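Colleague: I have the model open and want to go through a few spots. Can you start with the terms?

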Amino acid sequence: MSGPSNPAFIANRLKAAEAIGVACGILVVAISGAVLVGGWLVGSVNLTRLHADWAAMAPSTSLCFLFTGAAILIGTRSPGTRNDCWLMALSAGIWTVVLCAVILPQIGVQIIGLLLGRHVITDARMSPATALCFQLAAISIFSLSFRSRISGQIMVAAASIGVLLSTIAVVGYVFSVRALYSVWIFKAMALHTALVFLVAFSGLLCLRPDVGWPAVLLGPGQGSDSARRLLPLMIVVPMGLCFAAYRLVDAGLAEGGFMLSVVGVSVAVLLGASVLYNATLVNDQAARLAVTQHQLQISLRDRELLLREVNHRVKNNLAQIHSMLRLQGRRANDTVTREALADAARRVIALGTLHKILLANDSPSKLSAKEYIEKLCGSIDESLPIKERGIAVRLDLEDVGIGMDQAIALGMILNELLTNAVKHAFPEGNGEILIKVGATEGGWHHLAVTDNGKGFDPSLAMSGSNAGMKIIRSMVAQMRGQMSVESRHGARFDILFPSERS
């Protein structure tokens with residue numbers, strides 16, 4: 001399997017996001033270190049200022065970038081080995097440098113000048129946009145030190161705003177530096193500062209690929225596939241159209257209003273085409289799903305036919321076995337053999353009854369104990385001389401859920417207990433049998449079968465060798481249950497068995 005729903009495919013995308021995060025962290029550290037050391041300590045103007053008329057990257061900015069890059073590299077380590085205290089310290093360091101460079105500019109400039117061995121640094125101040133981006137980066141790093149989903153959402157939100165601000169600055173440099181500097185918040189923001197911010201926030205987003213829109217891009221499903229295909233196109237094409245329109249207007253080849261209308265129409269066409277393309281993908285997926293559903297329906301019908309045939313054969317086989325046992329019983333010469341064969345025939349009939357009840361249920365894998373035992377007792381009542389002997393069967397049943405295996409075991413247990421009670425508990429007839437089922441604490445169910453008959457020795461019931469008690473004990477063991485027996489003014493069987501969820 002190589003589709004997007006394959007866990008290995010998703011794992012590879014997460015590893016790719018981690019690798020991108022590491023690369024972004026290294027790049028941020030390398031550029032900021034080069035500007036701080038090569039630009040401000042050594043004095044290379046080309047590193048601090050990419051163009052003579054453009055703003056320079058301040059040393060405080062380079063220092064904050066060093067903290068940010070280090071945080072990204074620490075954050076890419078696995079959660080079990082990541083030092084969250086370091087992340088908190090780095091975010092606090094960023095806030096401290098921003099405080100010195102913006103809120104206390106004169107003191108901050110002098111401190112940085114002393115650190116770099118210079119008396120005056122005229123362009124070391126941090127622009128408002130840079131300070132705001134670093135605050136967003138500090139929030140992201142601080143949120144990364146916590147591992148909850150809410151902190152991840154805060155981190156993704158802060159980093160996404162940072163990506164937006166740095167992208168505006170980069171696009172402003174591409175379109176018009178003069179127009180960018182006319183906005184006071186971006187006035188002193190250098191080009192390589194904006195670019196490094198873009199890299200840094202991208203690296204931070206790669207650290208939480210399980211939250212927000214990064215999770216959508218990296219996740220499985222048709223929607224994520226469409227987003228991965230359409231998002232680059234939706235970003236690059238409108239930006240390219242706007243840049244081309246700006247250059248045409250700037251060169252005097254077209255009027256601004258006309259070019260604005262052209263860009264608007266082009267973007268509208270692009271969005272419409274994207275919607276239609278996505279609709280085509282969804283329609284194709286729906287068509288494939290319809291074919292799959294049709295094949296599943298055919299397979300389900302075939303399975304139902306096969307199951308119906310199997311059930312029919314099981315029913316016939318049980319009826320044949322019952323007939324053979326009765327025939328053999330009539331031919332037996334001694335009473336013990338006849339009674340043993342009659343008991344075997346009765347148990348075969350009981351199995352057939354259980355089979356019939358289970359097949360009649362809409363959901364045999366999860367049954368209602370109340371409904372199931374009511375039907376079962378009704379069937380047993382028809383096969384045993386209960387009413388003829390004046391015996392009453394009372395039911396006190398809670399509506400608890402049981403599985404199919406438990407239902408079969410309970411059916412065999414109840415059949416044996418009711419049969420034994422009718423045959424042995426009331427020699428003169430006229431008695432009462434009470435069946436109770438309910439839930440208990442700890443995820444267990446309780447079955448109690450009580451009669452007011454003559455009673456018997458409980459030790460013989462627990463260790464007896466007759467077939468009925470062997471069947472009961474084996475069914476209790478099959479349910480991983482526990483059974484206790486007592487005889488006081490009759491007989492009482494208590495069986496505890498775990499619920500399906502236990």
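Modeller: Buried means under 20% relative accessible area, exposed means over 50%, and partly exposed is in between (1.4 Å probe, protein chains only). Helices (H or I, at least four residues) and strands (E, at least two) are DSSP runs, numbered from the N terminus. This is a predicted model, where local features need pLDDT of at least 70, side-chain atom pairs count only at pLDDT 80 or more, and totals for chains, interfaces and linings use all residues. Residues are numbered from 1 along each chain as its sequence is written, and side-chain values use heavy atoms, with hydrogens and water left out.

Colleague: Which residues of H6 are buried?

Modeller: Ala-129, Thr-130, Ala-131, Cys-133, Phe-134, Leu-136, Ala-137, Ala-138, Ser-140, Ile-141, Ser-143 and Leu-144. That is 12 of its 17 residues, so H6 counts as mostly covered.

Colleague: And what does H6 span, end to end?

Modeller: From first C-alpha to last it reaches 24 Å, close to the 24 Å expected. The expected span is 1.5 Å times one less than the number of residues.

Colleague: What does Ser-140 touch?

Modeller: With neighbours within four places in sequence left aside, Ser-140 is in contact (heavy atoms within 4.5 Å) with Met-155, Ala-158, Ala-159 and Leu-204. Its side chain also reaches the backbone nitrogen of Ala-159 at 3.4 Å. A polar contact is a pair of N or O atoms within 3.5 Å; within protein, one must be able to donate a hydrogen and the other to accept it, and residues adjacent in sequence count only if both atoms are side-chain atoms. Ser-140 has a relative accessible area of 0%.

Colleague: Is Ile-139 buried, partly exposed or exposed?

Modeller: Partly exposed, because its relative accessible area is 32%.

Colleague: Switching topic, where is Arg-338, and what does its side chain reach?

Modeller: Arg-338 is in helix H13 (residues 335–360), and its side chain reaches the backbone oxygen of Asn-333 at 3.2 Å. Arg-338 is partly exposed, at 33%.
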